[in-house]
Amino acid sequence: IRNKPYFKRNNGGVTFSGGEPLLQSDFLIEVCKLLKKENIHITLDTSGVGNGNYEEILSYIDLVLLDIKHTDKNKYQELTRQKNDETENFIVALNKSNKPVWIRQVIVPGLMDNDNYLYSLKEYLKKIKNIEKIEFLPYHTLGKEKYQELDIDYPYKHLEAMDKEKCQQLYKKFINILNKD
């Protein structure tokens, strides 16, 4: 609260991000209530996987940054080790909320850096309302060290980081694909 004059002047606020904030729904709701009493902007950075209460959570949220893990449900499960059912449930609640959405797509080499994926992303995004912005983020390998520290096998050790320039070129190509309609 004491920093409110600083961040309000710069159109700032509070962003809840990961891990996955929707997995802490009770806590998230209580903190959001307090922030709204102070008229503080709230952004939710999520992959849409939580334990419910999406409508109530979204009633306090001003902006959603939605991370798309994959457009194909089988590839989604392969990549995340879980089904995409909760993400789909979140998208339904998100559409009902009419909140502004920024899409964030991490581009993983060999999985998302091809035309087929770009076209599937275009189709997938048609089911999400109020998209204001789409970002492509290059996959990086910074998570490897965290896994090593926790003595957990890193499932993507065979993947190299995504070249930032190639990622930017894919983004431009995607925008061209979007604008074809």
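**Ground rules.** I am working with a predicted model, in which local features need pLDDT of at least 70 and side-chain atom pairs count only at pLDDT 80 or more, while totals for chains, interfaces and linings use all residues. Residues are numbered from 1 along each chain as its sequence is written, and side-chain values use heavy atoms, with hydrogens and water left out.

**H6 against H8.** I looked up how helix H6 (residues 115-125) packs on helix H8 (residues 164-178), and found an angle of about 50° with the axes 10 Å apart. That angle makes H6 oblique to H8 (under 35 degrees counts as roughly parallel, over 145 as roughly antiparallel, 65 to 115 as roughly perpendicular and the rest as oblique). Helices here are DSSP runs of H or I with at least four residues, numbered from the N terminus. I then listed the contacts (heavy atoms within 4.5 Å): Asp-115, Leu-118, Tyr-119, Leu-121, Lys-122 and Leu-125 of H6 meet Leu-170, Lys-173, Phe-174, Ile-177 and Leu-178 of H8.

**Lys-122.** I checked this H6 residue and noted that Lys-122 is buried, at a relative accessible area of 9% (buried means under 20%, exposed over 50%, partly exposed in between, with a 1.4 Å probe and protein chains only).

**Asn-95.** I placed Asn-95 in helix H5 (residues 85-97), where Asn-95 is buried with a relative accessible area of 13%. Leaving aside neighbours within four places in sequence, I found Asn-95 in contact with Lys-127, Ile-128 and Lys-129, and a polar atom of the Asn-95 side chain lies 2.7 Å from the backbone nitrogen of Lys-129.

How values were computed: Axes are lines fitted to C-alpha atoms, for helices over the stretch in contact, and angles run from 0 to 180 degrees between N-to-C directions. Helices (H or I, at least four residues) and strands (E, at least two) are DSSP runs, numbered from the N terminus. A polar contact is a pair of N or O atoms within 3.5 Å; within protein, one must be able to donate a hydrogen and the other to accept it, and residues adjacent in sequence count only if both atoms are side-chain atoms.
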